[in-house]
Amino acid sequence: MDNKQPRNNNNQPKMPKFNMNWIYALVLVFLLVSMILNGADAIGGAYSQDATFTKFKEYVNKGYANNVVVNTDEKKLKMFVKPANMRDVFAMDAKKLGKDPYVSVNVGSVDELEKYLTAVQHTGKIKDFAYERTPKNYLFEIFGSIFPFLLLVGVWFLLMRSLGGGGAGGGAGVFSVGKSKAKMHDKGNEIGVTFKDVAGQQGAKQEVQEIVEFLKSPQKYTDLGGKIPKGALLVGPPGTGKTLLAKAVAGEAGVPFFSMSGSDFVEMFVGVGASRVRDLFAQAKEKSPCIIFIDEIDAVGRARSKNPSMGGNDERENTLNALLTEMDGFGTNSGVIILAATNRADMLDSALLRAGRFDRQINVDLPDLPERKEIFQVHLRPIKLDDSVDIDFLSRQTPGFSGADIANVCNEAALIAARHNRTAVGKQDFLDAVDRIIGGLEKKTKVMTAAEKRTIALHEAGHATVSWFCEHANPLVKVSIVPRGRALGAAWYLPEERQITTKEQMLDEMCALMGGRAAEELFTGHISTGAMNDLERATKSSYGMIAYAGMSDRLPNISYYNNQEYQFQKPYSETTAKIIDDEVMKMVNEQYDRAKQILREHSKGHNELADLLISREVIFAEDVEKIFGKRPWVSRSEEIIEDNTPKLEDMPEEVRQAEAEHQRRLLEESEA
């Protein structure tokens, strides 16, 4: 008995899948072949030669014609030649002409031709003449009649496919234009991001982790009478990790996750945005419990009717109304949580932010010092580092940097190290990367005259000198007169991370800003356009202090700040506006005079600092300390970086060699 097991189906040859396109192609080929065969002359037919009607009469009069066939449809005749006269007509041997060669002649009037043929037939010059009609090709006629209709249908079909554009659910036609474009992940771990990949933002992570707990064990909360929150809004500056947090929620929750951008609701057709909102929530309810994430929700959630006179976008308002209804209307969205992200929360509609829709707003702020250290540790994992890299020092060198900025610093440092053919990324590479991101690319080839270079050195030395003797000014890190971006020189500071700022601190910073212009006026006798950025910052700071923070002597404790969008009227009178302008002028000029006074008192040290800048182009805080001595006031940040200030002897060998070469070149130029 044969006990062999049946063969595995995988070993059998796979047959091609049935496709209707093959049927359509075969029918089309059959029609084309039929039309060609019916409309063409048979291969190997009789030889023919064209002639004029006069020549035809000549052949008839000479007795060459055997018989004539007239085609009344095409108004042509065929004159068949007698075998004895074929060489006279065709100038060829009869064997080469085939069977029944003829002469083809176009005629004008069939009636006149009939009279002529009747007459020559009576004379015996032709045996006979007959009539024929062209056989009709019905396939050609049918195809010609329906081809325009088929062409219109094809164009309409292609147009609708392009407009439908691959909506959700696989539909690519016009009827899927109202479908949601949200990308669904059945399992959140497909994204591959968890809370371990999110460094810093401890408060924001705690909030979103609670949402994950709601989804994993809702009964724990509902047993106590609590309700699962409807939504959470992630608010913060660009690059702080709002989208990354949403991905981490998807990776941790293990529930279906719908992600889309606010701009995906916007379409050229009226009503499409609202339709996509309804379709999105319909899909989410089927997959409940699940999460919907809408990135950049301000694209559809902007406040309604703030300025009707400027013209409104009814389509956007309809989309917002549909979103409001779906989030908290008569329908229920049990188990559906909406996460949204924006960096412009002040532009969102107040109805969207009320409790019951977005129950909680999670602030994702710029990272502080410990959080920046955690972010550096995440982004430094794939980078080869040498022993000179100090993560604590890098964290202190990047105040105000977002997570995206820190990632950019790490990548830029690796590129700089590779550009110099190093085997590992060092501390100086990171410092160069920070300088590159803050100030721009170095332009050492920019041509400057000696007078311009000295003016720039005096300007930057003025900033350094004034900030050194202002108690609340930010600690100096280094000063450079190497052009970067649009700036001809720059001074790097290490700002303190304050939660609140006093009036004295703001005045000291303003005085340090005015130090560059004051140094130009005192030591060159003229002023230049190099202080435009300093003046802009000082003016904006003074207006903020007086009109917003209430730090004016004549307008104390008054704030005219208004965060309402499209506000085209001032909340104060012209008299008050004049007082504000006078107070701004007074405040800026007082700090300018104060900066000049500091520079007069330390003019010798300032000139030494400017000369050192001209010779070395870049100086550090230790160089300023050698000239002026220790700062009278040591801030907390300065104490932290005191032992970590970059020194030339601590830099890599190639940097020291480059600096030595630079000093040698300067010496040769001075001797020349």
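At what angle do the axes of helix 15 and helix 16 cross, and within what distance do they come? I noted first that this is a predicted model, in which local features need pLDDT of at least 70 and side-chain atom pairs count only at pLDDT 80 or more, while totals for chains, interfaces and linings use all residues. Residues are numbered from 1 along each chain as its sequence is written, and side-chain values use heavy atoms, with hydrogens and water left out.

Entry 1, the helix pair. I found that the axes of helix 15 (residues 403-419) and helix 16 (residues 427-439) come within 8 Å and cross at roughly 120 degrees, axes being lines fitted to C-alpha atoms, for helices over the stretch in contact, with angles from 0 to 180 degrees between N-to-C directions. Helix 15 is therefore oblique to helix 16 (under 35 degrees is roughly parallel, over 145 roughly antiparallel, 65 to 115 roughly perpendicular, and the rest oblique). Helices (H or I, at least four residues) and strands (E, at least two) are DSSP runs numbered from the N terminus. Where the two helices meet (contact means heavy atoms within 4.5 Å), I listed residues including V409, A413 and I416 in helix 15 and F430, V434 and I437 in helix 16.

I looked up an open sheet of three strands in the order 13-12-14, with antiparallel pairing (strands pair if DSSP finds at least two bridges between them). Strand 13 (490-493) and strand 14 (618-620) stand at the edges with a single partner strand each, so one side of each has no neighbour in the sheet. Neighbouring strands here are turned by 15 degrees against each other on average, direction ignored. Strand 12 (residues 476-480) is joined to strand 14 by three bridges, and S480 has V618 in strand 14 as its bridge partner. Helix 17 (residues 450-468) packs on the sheet, touching strand 12 and strand 13, and its direction makes about 25 degrees with that of strand 13. I also noted that helix 22 (residues 621-628) lies across strand 12 and strand 14, at about 70 degrees to strand 14.

The side chain of D368 reaches the backbone nitrogen of E371 at 3.2 Å.

Key: A polar contact is a pair of N or O atoms within 3.5 Å; within protein, one must be able to donate a hydrogen and the other to accept it, and residues adjacent in sequence count only if both atoms are side-chain atoms.
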